[in-house]
Amino acid sequence: TRGKGAWLTDRALELLSGRAPGQPQPVEVNLVMTDTTLLPAAFGGQAPVDDCATIPGWGVVPGTHARQWVADLLNQPRAADGGPDADAFVWLRRLFTDPTGRDLVALDSVRRRFHGGLRHFLDLRDPTCRVPWCDAPAIQADHTTPVHAGGPTSAGNGAGLCQRHNLVKEEPGWHVSVQSTGLDGTGPHDLRITTPTGHAYDSTSPPILGEGWTPRIPERDDWVPDDPSTWIDDWSDHYDDFEAAIHDDAWAA
């Protein structure tokens, strides 16, 4: 029932990924929820008011569906017992937030590169590029302070960026610094990005369960140039400056 091209594609993927013939392609789906959503019975038996879970990269799902998916995977028989799946597993990974529940501060997990639990942490904290106005997926984990300048491979010094802005960041005139690590309970992870024109922009990590999880009213100091006298209420002017700085640098030219 399948065409020759489909078989050739599957075989090529097996060879490129190092899998044995017939071995399933590993797929990981992250399902993020609070402890009260996952185990309401442990908290008086009542589902929380915010009974929902998030699939990063997809969106929000009802808590009842999330619990059922986990239960089905935990309860299904393995292939050795006559079940359909020998390689489907549920892994529970603890995500630690600050006392307000808004900001992700740690994950169950020291290297030059962002691997393992630390990379998972950055993927969950920074699903999209941390550069303002860029909604591209964060496909690269970047050292805010480079390793050659003494920057550690840590959650506080790490940031998710798209490839374009990761390259732009290394051009002359661009400076990025960590204003808040997000690990001390005083607020979310925050970066300050300074463009070659001297303007500065703050980049704050989003709530772990998505926009609006704990509403925060933006303050005037969230987006300010280094010189407050040049403040402009129209953010589009700042966006134009940001893009102009990118297009004017040597790499973009």
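The following legends describe close-up views of a predicted model.

Local features are given where pLDDT is at least 70, and side-chain atom pairs count only at pLDDT 80 or more, while totals for chains, interfaces and linings use all residues. Residues are numbered from 1 along each chain as its sequence is written, and side-chain values use heavy atoms, with hydrogens and water left out.

**View 1. Helix H1 and the glycine that follows.** Helices (H or I, at least four residues) and strands (E, at least two) are DSSP runs, numbered from the N terminus. Helix H1 covers residues 4-17, 14 residues in all, and reaches 20 Å from its first C-alpha to its last. This is close to the 20 Å expected at 1.5 Å a residue, where the expected span is 1.5 Å times one less than the number of residues. Glycine 18 follows H1 and has a positive phi, near 80°. Arginine 2 lies over the face of tryptophan 7, at 4.7 Å from the ring centre; a charge sits over a ring if NZ of Lys or CZ of Arg is within 6 Å of the ring centre and within 35 degrees of the ring normal.

**View 2. The aromatic pair of tryptophan 133 and tyrosine 201.** Rings of Phe, Tyr and Trp (its six-membered ring) pair if their centres lie within 6.5 Å; planes under 30 degrees apart count as stacked, over 60 as edge-to-face and the rest as tilted. The count by this rule is one aromatic pair. Tryptophan 133 is partly exposed, at a relative accessible area of 33%, whereas tyrosine 201 is buried at 1%. Buried means under 20% relative accessible area, exposed over 50%, and partly exposed in between (1.4 Å probe, protein chains only). Phi of tryptophan 133 is positive, near 75°. Most residues other than glycine have a negative phi.

**View 3. The hairpin of S8 and S9.** Strand S8 (residues 190-194) runs antiparallel to S9, and five bridges join them; two strands pair if DSSP finds at least two bridges between them. Isoleucine 193 stands opposite tyrosine 201 in S9. Five residues lie between the strands, and glycine 198 in this hairpin has a positive phi near 95°. Because four of the five residues of S9 are buried, this strand is largely enclosed by the rest of the structure.

**View 4. The largest nonpolar core.** A nonpolar core is a set of buried Ala, Val, Leu, Ile, Met, Phe, Trp, Tyr and Cys residues joined through side-chain atoms within 4.5 Å. The largest has eleven residues, including Val32, Leu104, Phe121, Ala155 and Leu209. Strand S4 (104-107) and H4 each supply at least two of its residues, and H4 gives the most, with four. Another core, of eight residues, lies apart from it and includes Cys129, Val131, Cys134 and Ile193.

**View 5. Arginine 125 in helix H4.** Arginine 125 is buried, at 4% relative accessibility. Residues up to four places away in sequence aside, arginine 125 touches Leu104, Arg130, Ala155, Gly158, Ala159, His189, Ser205 and Pro206, contact meaning heavy atoms within 4.5 Å.
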